[in-house]
Amino acid sequence: MPSALPEGDPAPANGALPASVLDGAQTRRFGVYVHVPYCRVRCGYCDFNTYTASELGGTRRDEYADQVEWELAFGARVMREAGLPERAVSTVFFGGGTPTLLPASDLTAMLSRIKTEWGLAPGAEVTTEANPDSVDAAYLQELAAAGFTRVSFGMQSAVPHVLRTLDRTHQPERVPQVVAWAREAGLQVSVDLIYGTPGESLADWERSIDAALVCNPDHISAYALIVESGTKLAAQIRRGEVAQPDEDLHAEMYELADARFSAAGLGWYEISNWSRSADTRSRHNLSYWTGEDWWAAGPGAHSHIGGVRWWNVKHPGAYATRVNEGVSPAHARELLSDTARREERVLLETRIVDGLPTHVLDSDERAVVSALIAEGLVDGRAAIGGRVVPTLRGRLLADTVVHRLLGA
């Protein structure tokens, strides 16, 4: 089942933002995230806010695009009333769930609404996630014609028994076909992989790496499997039906992936992400890691504007009710303190290749950086240039790096 929403302060029904969001707004980029909460089946490892047809409680998928369009117009009005400067949208990301379970016309209609309300910046990045079995060539051509620039395919693995354990429905041979269709449409391509699935060997993982690289993607994301409480996979592990993931094997798998991706010309730029060049990095995800502004529409979606974070009601039915009543779908929100924003900056920017500027650290924290360099967790050459950048070992021990810095 989807994870629970966090607690927070009451969110105003009119969506009003405090005056503090204006501080520095002109220097922050603005993006839009659209959550599409539909899946054909629920994968056993997933606790995202997604729903199969039997879990929708009478809500209709064919009404969803209209609901999101209402929220996007609402969001633009809220931002204008807050006095925020007009900023064209730099990045758009349709995630889920499986956005491509909706007709392409629904995705293009929502993108059109974003263009109408805010406009797209020149060279804007517009991405949708897709399952390999949820699109065909015509679908991808329609997205590209409407202004989508990028598609991220949920490949996860090329090994049938691993896909079965993950409850993935596509056939491995489908992936190169959809990648070819995306390229023919003129879209950049990313593939998502998961490593550390119970029963997956290092040889299995290498097979998936090879299959992904054969597709010659512009970008690869590779995530270690995390067993979330309340999921089918967690219950299977608890009952002893499948093995608990092995952290040492996870580390071997990560090192193998980094070596193989690098040799193929894909450089890491965030712990779990590699790209062909700086131009093919996910700029939308980088906006999360660097504290930019974004409005997130849809059930359970989390927004952030100028140190204010809020999250929408979870279920599509509750979301539809709020929209139909003409009130904010936000469930709750929080105003981040200066301390919290600084801690998040340390947490997130020590994950990326551009690093955390050392000028934000105090003298005690700089001393910790020196110790981390000596231990091989932080790149000493980058530190000379004023940046805290993790080494390969530092990426594997990212939590340790953050805890040491914040505990200084």
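Which residues are buried in helix 15 (residues 398–406)? In this predicted model, they are A398, V401, V402 and L405. Viewed down the axis of helix 15, these buried residues fall within an arc of 95 degrees, so they line one face of the helix. The face turned away from that buried side carries D399 and H403, both exposed. An α-helix has 3.6 residues a turn, so residues three or four places apart point the same way.

Helix 3 (residues 137–146) was examined in the same manner. Its buried residues are Y139, L140, L143 and A144. They cover an arc of only 135 degrees around the axis, which puts them on the same side of helix 3. A138 and A145 are exposed on the other side of helix 3.

Salt bridges were considered next. The structure holds 20 of them. One of these joins the side chains of R351 and E270, with an N to O distance of 2.6 Å. R351 sits in the loop between helix 11 (338–349) and strand 13 (356–357), while E270 belongs to strand 7 (residues 267–270), so the pair ties together parts that are 81 residues apart in sequence. R351 is partly exposed, at 23% relative accessibility. E270 is buried, because its relative accessible area is 1% and the buried class takes in values under 20%.

Another salt bridge pairs R309 with E344. Their closest N and O atoms are 2.8 Å apart. R309 is in strand 11 (residues 308–312) and E344 is in helix 11; the pair links distant parts of the chain, 35 residues apart. E344 is partly exposed, with a relative accessible area of 25%.

R60 is partly exposed, with a relative accessible area of 45%. Salt bridges also form a network, which links R28, R87 and D293.

Charge on the surface was then inspected. A patch of negative charge gathers D246, E247, D248, E252 and E255. Of these residues, E255 lies in helix 8 (residues 247–263). E255 has a relative accessible area of 38% and is partly exposed. Patch members must have over 30% relative accessible area and no salt bridge. With 38%, E255 is therefore above the area cut-off while still in the partly exposed class.

The peptide bond from G96 to G97 is cis, with omega near 15 degrees. G97 is placed in the loop between strand 2 (89–96) and helix 2 (104–117).

Positive phi values occur at D167 and N216, neither of which is a glycine. For D167, phi is about 65 degrees. This residue lies in the loop between helix 4 (160–166) and helix 5 (174–184). For N216, phi is near 55 degrees. N216 is in the loop between helix 6 (202–214) and strand 6 (219–224). Its relative accessible area is 42%, and N216 is partly exposed.

Two C-alpha separations complete the description. L120 is in strand 3 (residues 120–130). The C-alpha atoms of L120 and A88 are separated by 5.1 Å, with the two residues 32 apart along the chain. L120 counts as partly exposed at 28% relative accessibility. A212 lies in helix 6 and is buried, at 0% relative accessibility. Its C-alpha atom is separated by 11 Å from that of F153, and these residues are 59 apart along the chain.

How values were computed:
Residues are numbered from 1 along each chain as its sequence is written. This is a predicted model: local features need pLDDT of at least 70, side-chain atom pairs count only at pLDDT 80 or more; totals for chains, interfaces and linings use all residues. Side-chain values use heavy atoms; hydrogens and water are left out. Patches are made of residues with over 30% relative accessible area and no salt bridge: like charges are joined within 9 Å, nonpolar side chains (Val, Leu, Ile, Met, Phe, Trp, Tyr) within 5 Å. Accessible areas come from the Shrake-Rupley method with a 1.4 Å probe; for residues, only the protein chains shown count as cover. A salt bridge is a side-chain nitrogen of Lys or Arg within 4 Å of a carboxyl oxygen of Asp or Glu. Lys and Arg count as positive and Asp and Glu as negative; His and the chain ends are not counted. The place of a charge is taken as NZ of Lys, CZ of Arg, CG of Asp or CD of Glu. Helices (H or I, at least four residues) and strands (E, at least two) are DSSP runs, numbered from the N terminus. Buried means under 20% relative accessible area, exposed over 50%, partly exposed in between (1.4 Å probe, protein chains only). The arc is that of the directions from the helix axis to the C-beta atoms.
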